[in-house]
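Open the model in your viewer and keep the selection tool at hand. This tour goes stop by stop, from strands to helices.

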Amino acid sequence: MALSPSLAVPLAAYELPVVGIEFDQSIVTILGTLAIAVLIALSAFFSSSEIAMFNLPKHRLEGMIEDEISGATLVKSLKDDPHRLLVTILVGNNIVNIAMSSIATAILSLYFGGLVGVLLATFGITALVLLFGESVPKSYAVENTESWAVRISKPLKLTEYLLFPLIVLFDYLTRQINRLIGSTGAIESPYVTRDEIQEMIESGEREGVLEEEEHEMLTRIFRFNNTIVKEVMTPRLDMTAVPKDAPIDEAIETCIQSGHARIPVYEGSLDNVQGVVHIRDLVRDLNYGEAADDELELADLIQPTLHVPESKNVDELLTEMRENRMHMAIVIDEFGTTEGLVTMEDMIEEIIGEILEGGEEQPIEEIADDTVLVRGEVNIEDVNEALDIELPEGQEFETIAGFIFNRAGRLVEEGEEITYDGVRITVETVENTRILKARLTKLEQPADDEPEPDDAAPLEADDDHE
Ligand code: ADP
């Protein structure tokens, strides 16, 4: 073969040792360079495939299939076996990258000798692969995940066929090694996690995608399944009920005076609730019923009710009440004593927010940025949210009144004050032994950020109050 005049290097012809064919050095260089260019393109293809396939969320892929985007079903079938898919991409990518560096080493050694050739090839190919085989294609795939996943799906499937024996072998080997080292080998996480959705809701509000109201409602839904009946019930003290032997017109009057349409009916004491009567049934039977007035008995109009423990989850109770078509349940403690009652509305309020009726006052009234006036029965969690503070909840109490009693360790009087973790709590209204209202003020935290002495103090009686 003729020597290329342009190449003034000593080694002008390259002889393949095995087949004994002599190649012109310049042809080898050109072919090698072409091969490197093709291989770098393939490397780009594999790297971008990895990002496009594994960054494409399942819900978006399902949306694409529903929209009948061509290629989406193939993407899904590839993603159905993520382990196989990853092995395909990695085998392909490594073959092309290693081939590239071998070719570059061979060519550069022709010109610069062994050691320099190896060094140049190592650094040169590393730079090329990093730039054009990894960084640029991956950035592109991140930005065009959906369209790129669809485009590369066919060539990727073809690669799977072409490299079939290698892929099967490496698929098997990696699974075995994973098993040995105790890894599950799970490549894709579950569809979507609860935490992810909650984070999305938070950032949705920050970014302005969700209205404040929507954000609050969604947050409450997530809190809902951790809420227990005790947190939402109307306590025994506020229950309006009638004895079973009361005349019907007295029951109607009780309903009207209390403003409630349903009232529990008890025998003997509130601890023995027999069921519930609805004012509609009382009025109908009294005025339009067939029985004579003196024959009418409250007992005949009692509808059954549920008795539930105070620790029951509200989401379970809501389902049960809907199934049984009941609007009210009686809450009992571990000894069977009536603790209060709960209606559908109490539970629904947990999701949609407080539903105030008539002259009902706001449970939390904002007096200033750092001060709120709260009703005693308000949950600590809600107060914490309103003031952005962290009063702890205890095992035995859920409400702000419960918190105050717990801290004081005794009955409290109007005007008493306690300070806890940078929050001043003033007892505003007390009726008999019951705390009706308290004022909470968030105090300025000391600038040096030193914890206050009572910061980590356990909840127990203390002498904080005056
Ligand atoms: P109503 O409209 O008859 O008052 P809702 O189911 O709308 O009934 O409940 C509104 C609020 O009144 C809830 O907080 C619920 O716990 C309370 N409630 C309902 N009935 C009674 C009752 N008989 N005694 C005390 N509180 C009740």
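Two strands pair if DSSP finds at least two bridges between them. Helices (H or I, at least four residues) and strands (E, at least two) are DSSP runs, numbered from the N terminus. The model is predicted: local features need pLDDT of at least 70, side-chain atom pairs count only at pLDDT 80 or more, and totals for chains, interfaces and linings use all residues. Residues are numbered from 1 along each chain as its sequence is written, and side-chain values use heavy atoms, with hydrogens and water left out.

**Stop 1**

Select residues 371-375 and 434-442. These are strand 11 and strand 14, an antiparallel pair with five bridges. Find Leu-373; its bridge partner in strand 14 is Arg-439.

Strand 10 pairs with strand 11 in the antiparallel sense over four bridges. A hairpin of two residues joins strand 10 to strand 11. Which residue of strand 11 is the bridge partner of Ile-364? It is Val-374.

**Stop 2**

Select strand 5, residues 262-266: strand 4 and strand 5 pair in the parallel sense over two bridges. Click Val-242; Val-265 in strand 5 is its bridge partner.

**Stop 1: helix 8 and helix 9**

Select residues 194-206 and 212-224. Helix 8 and helix 9 pack at about 160°, and their axes are 9 Å apart. The two helices are therefore roughly antiparallel (angles over 145 degrees). Their crossing is left-handed, meaning that the near helix is turned anticlockwise from the far one by less than a right angle.

Show side chains. Contact means heavy atoms within 4.5 Å. Helix 8 contributes residues including Ile-197, Ile-201 and Glu-205, and helix 9 contributes residues including His-215, Leu-218 and Phe-222. By class, this contact has four nonpolar, three polar and four charged residues. Ala, Val, Leu, Ile, Met, Phe, Trp, Tyr, Cys and Pro count as nonpolar, Asp, Glu, Lys and Arg as charged, and the others, Gly among them, as polar.

**Stop 2: helix 1 and helix 6**

Select residues 25-55 and 145-162. The axes of helix 1 and helix 6 come within 9 Å and cross at roughly 120°. Helix 1 and helix 6 are therefore oblique to each other. The crossing is left-handed. In helix 1, look for Phe-45, Phe-46 and Met-53, among others; they belong to a contact that includes Trp-148, Ile-152 and Leu-156 of helix 6. This contact has nine nonpolar, five polar and no charged residues.

**Stop 5**

Select helix 4 (82-112) and helix 7 (residues 164-180). Helix 4 and helix 7 pack at about 115°, with axes 9 Å apart. The crossing is right-handed. The contact takes in Val-87, Val-91 and Ile-95 among the residues of helix 4, and Phe-164, Phe-170 and Arg-175 among those of helix 7. Its classes are eight nonpolar, four polar and three charged residues.

Stay on Arg-175. Asp-81 forms a salt bridge with Arg-175, with the closest N and O atoms 3.5 Å apart. Asp-81 sits in the loop between helix 3 (72-79) and helix 4, and Arg-175 in helix 7, so the pair ties together parts 94 residues apart in sequence. A salt bridge is a side-chain nitrogen of Lys or Arg within 4 Å of a carboxyl oxygen of Asp or Glu. By that rule the count comes to 23 salt bridges.

Key. Axes are lines fitted to C-alpha atoms, for helices over the stretch in contact, and angles run from 0 to 180 degrees between N-to-C directions. Angles under 35 degrees count as roughly parallel, over 145 as roughly antiparallel, 65 to 115 as roughly perpendicular and the rest as oblique.
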